[in-house]
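Let's take a friendly walk through a protein fold. Have a look at the picture, and then we will go through its parts together.

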Amino acid sequence: MKVLTVSTGIDFPHAAQALQIRRRRRRLDQPKRFTTETVYAITDLRVHQARPAQLAAWIRGHWSIENKDHWVRDVTYDDDRCQIRTGTGPEVMAALRNAAIGAPCAPPE
C-alpha cells in the first residue's frame, strides 16, 4: 500500500490522503498462479488521525466482512438477483437470510 498526502489538484474537496492498494491473490484451482489487482481509495482523515498501518488494518477488516457475510449472501443465496422489491418483502427476506446465516448447525447424531 502507498499513501500520499493530498494538498491540491484532486476533485474531492475533503480528501486528505490518497491510497494505492496492490492486492496479490492466489488462485485456489491453480495454487502456483497469482493475480494482482491495483485499487485506489481516498480518505478525509489526515496522517495524524490515521497512519498507513491503521488504514491497511481498516481495509483488511472491511474485506473480512465482505468475504464472510456478503459472499454468503451473493453466492449461496444469490441475493443480487432477488426480484423482491416492494413493501416489506426485502426486509423480510434479509431477516430470513440473516437468521439462516447465523443459525448454528446441528451436531451429527
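## What counts as a patch

A nonpolar surface patch joins nonpolar side chains within 5 Å of each other, taken from residues with over 30% relative accessible area and no salt bridge. Keep in mind that what you are looking at is a predicted model.

In this model, Ile 10, Phe 12 and Ile 42 make a nonpolar surface patch of about 250 Å². Ile 10 sits in the loop that links β1 and β2. Is Ile 10 buried, partly exposed or exposed? Its relative accessible area is 32%, so Ile 10 is partly exposed.

## The sheet

Now turn to the strands. Three of them build an open sheet, arranged β1-β2-β3 with antiparallel pairing. The edges are taken by β1 (2-5) and β3 (34-43); each has a single partner strand, so one side of each has no neighbour in the sheet. From one strand to the next, the twist averages 15 degrees.

Strands of a sheet pair through backbone hydrogen bonds, in a parallel or an antiparallel way.

## Who pairs with whom

How many bridges link β1 and β2? There are 4 bridges between β1 and β2 (residues 17-26), in the antiparallel sense. The antiparallel strands β2 and β3 are joined by 10 bridges.

Finally, find helix α1, residues 52-76. This helix lies across β1, β2 and β3, and runs at about 50 degrees to β2.

How values were computed:
Residues numbered from 1 in each chain as written. Predicted model: local features only at pLDDT ≥ 70, side-chain atom pairs only at ≥ 80, totals over all residues. Heavy atoms only, no water. Pairing = 2+ DSSP bridges. Helix = DSSP H or I, 4+ residues; strand = E, 2+ residues; numbered from the N terminus. Axes fitted to C-alpha atoms, helices over the stretch in contact; angles between N-to-C directions. Contact = heavy atoms within 4.5 Å. Patch = residues over 30% accessible without salt bridge, like charges linked within 9 Å, V, L, I, M, F, W, Y side chains within 5 Å. Areas by Shrake-Rupley, 256 points an atom, 1.4 Å probe, with all protein chains shown as cover. Salt bridge = Lys/Arg side-chain N within 4 Å of Asp/Glu carboxyl O. Buried < 20%, exposed > 50% of the residue type's maximum accessible area, 1.4 Å probe, protein only.
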